[in-house]
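Here is a quick briefing for anyone meeting this structure for the first time. Have a look at it, then read on.

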Amino acid sequence: MIRRLAAFAALLLLAGCLVSDGDLIAPADADYPIADGTRFAEYPLDETGARAGDDPESVIVTRDGARYLMQTGEDGKLFSGLMKEIGPELYAVMMREDDVAEGNLYALMKREGASWKRWGMVCPDFVSLTEANGRTLADFGIEVRNSDCVAKDFSSITKALLFAHEHQAPDAEYVAE
């Protein structure tokens, strides 16, 4: 289990993610659709959006002031972040490791009853997705820097996340316990 998480984290570090240098969601603009203390079972999904058959990881979401804290897996890795609704039941998620002072990763979450689907954004996959659909990163206000897709503003993040939602399957499902 821990090896799978470590391999996934290494892949994201090597592959690059959808990121920003600063916070693109301010606490005053954030939405809080997840109750403090919610526990989830996180299931990995395959490229079609079906459960991959792996055992789920445990995820606990709490609030610390204006920010969410998400504790993941057996090792208790802690992430800090905010969510902003960008469509009906669709949320942009901005997060970073809790002990990191700046820079953020982004994903899309879609609420479906008691569960949430996640669209993680790996930069090379997003570049391929845009090219396959006749688009460029510039269409989204995104540039590649050090293998990351870097967004300059919240509008860029929103466009990229909604595009991914329309053109690819989610990569994880979070089921409330």
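Asp23 is found in the loop between β1 (18–20) and β2; strands like these are DSSP runs of E with at least two residues, helices are runs of H or I with at least four, and both are numbered from the N terminus. At 40% relative accessibility, Asp23 counts as partly exposed, where buried means under 20% relative accessible area, exposed means over 50% and partly exposed is in between, using a 1.4 Å probe and protein chains only. The C-alpha atoms of Asp23 and Leu105 are 9.8 Å apart, though 82 residues separate the two along the chain.

Keep in mind that this is a predicted model: local features need pLDDT of at least 70, side-chain atom pairs count only at pLDDT 80 or more, and totals for chains, interfaces and linings use all residues. Residues are numbered from 1 along each chain as its sequence is written, and side-chain values use heavy atoms, with hydrogens and water left out.

**The cavity**

- Rolling a probe the size of a water molecule over the atoms shows where empty space is left.
- Here a cavity is a set of points, on a 1 Å grid over the protein atoms alone, where a 1.4 Å probe fits but cannot get out; lining residues have an atom within 4 Å of a point.
- Grid points are joined across faces, edges and corners, and a volume is the space filled by probe spheres set on the points.
- How many cavities of 30 Å³ or more does the structure hold? There is 1, and the volume of the largest cavity is about 250 Å³.
- The lining of the largest cavity is made of 19 residues, and those closest to its centre are Met70, Met83, Val93, Met95 and Met109.
- At least two lining residues come from each of β4 (67–72), β5 (77–87), β6 (90–97), β7 (104–112) and β8 (115–120).
- Strand β5 gives the largest share of that lining, with 5 residues.
- Sorted by class, the lining has 16 nonpolar, 2 polar and 1 charged residues. For this count, Ala, Val, Leu, Ile, Met, Phe, Trp, Tyr, Cys and Pro are nonpolar, Asp, Glu, Lys and Arg are charged, and the others, Gly among them, are polar.

**Cysteines**

- A disulfide is a covalent bond between the sulfur atoms of two cysteines; the cut-off used is a pair of cysteine sulfur atoms within 2.5 Å.
- The structure holds 1 disulfide, and it joins Cys123 to Cys149 with an S to S distance of 2.1 Å.
- Cys123 sits in helix α2 (residues 123–132) and Cys149 in strand β10 (residues 148–151), so this pair ties together parts that are 26 residues apart in sequence.
- Both Cys123 and Cys149 are buried.
- What about Cys17 and its closest cysteine sulfur? That sulfur is in Cys123, 8.4 Å away, which is too far for a bond.
- Cys17 also counts as buried, at 9% relative accessibility.

**Rings and charges**

- The whole structure has 6 aromatic pairs. Rings of Phe, Tyr and Trp (its six-membered ring) pair if their centres lie within 6.5 Å, and planes under 30 degrees apart count as stacked, over 60 as edge-to-face and the rest as tilted.
- Phe40 and Tyr174 have ring centres 6.1 Å apart and planes at 85°, so they are an edge-to-face pair.
- Since Phe40 lies in strand β2 (residues 38–44) and Tyr174 in strand β11 (residues 172–176), the pair ties together parts that are 134 residues apart in sequence.
- Phe40 is buried at 4% relative accessible area, and Tyr174 is buried at 6%.
- Phe126, Phe140 and Phe163 are linked into a cluster by ring pairs.
- Arg51 lies over the face of Tyr43, 3.7 Å from the ring centre, while the charged end of Arg63 sits over the ring of Tyr32, 3.8 Å from its centre. A charge sits over a ring if NZ of Lys or CZ of Arg is within 6 Å of the ring centre and within 35 degrees of the ring normal.

**Backbone in a loop**

- Most residues other than glycine have a negative phi.
- Asn146 has a positive phi, near 50°, and lies in the loop between β9 (142–145) and β10.
- Ser147 is found in the loop between β9 and β10, and its phi is positive too, near 70°.
- Asn146 is exposed, with a relative accessible area of 67%, whereas Ser147 is partly exposed, at 33%.

Definitions and conventions: On a 1 Å grid over the protein atoms alone, a cavity is a set of points where a 1.4 Å probe fits but cannot get out, and a pocket is an open set with protein on both sides within 12 Å along at least five of seven lines; lining residues have an atom within 4 Å of a point.
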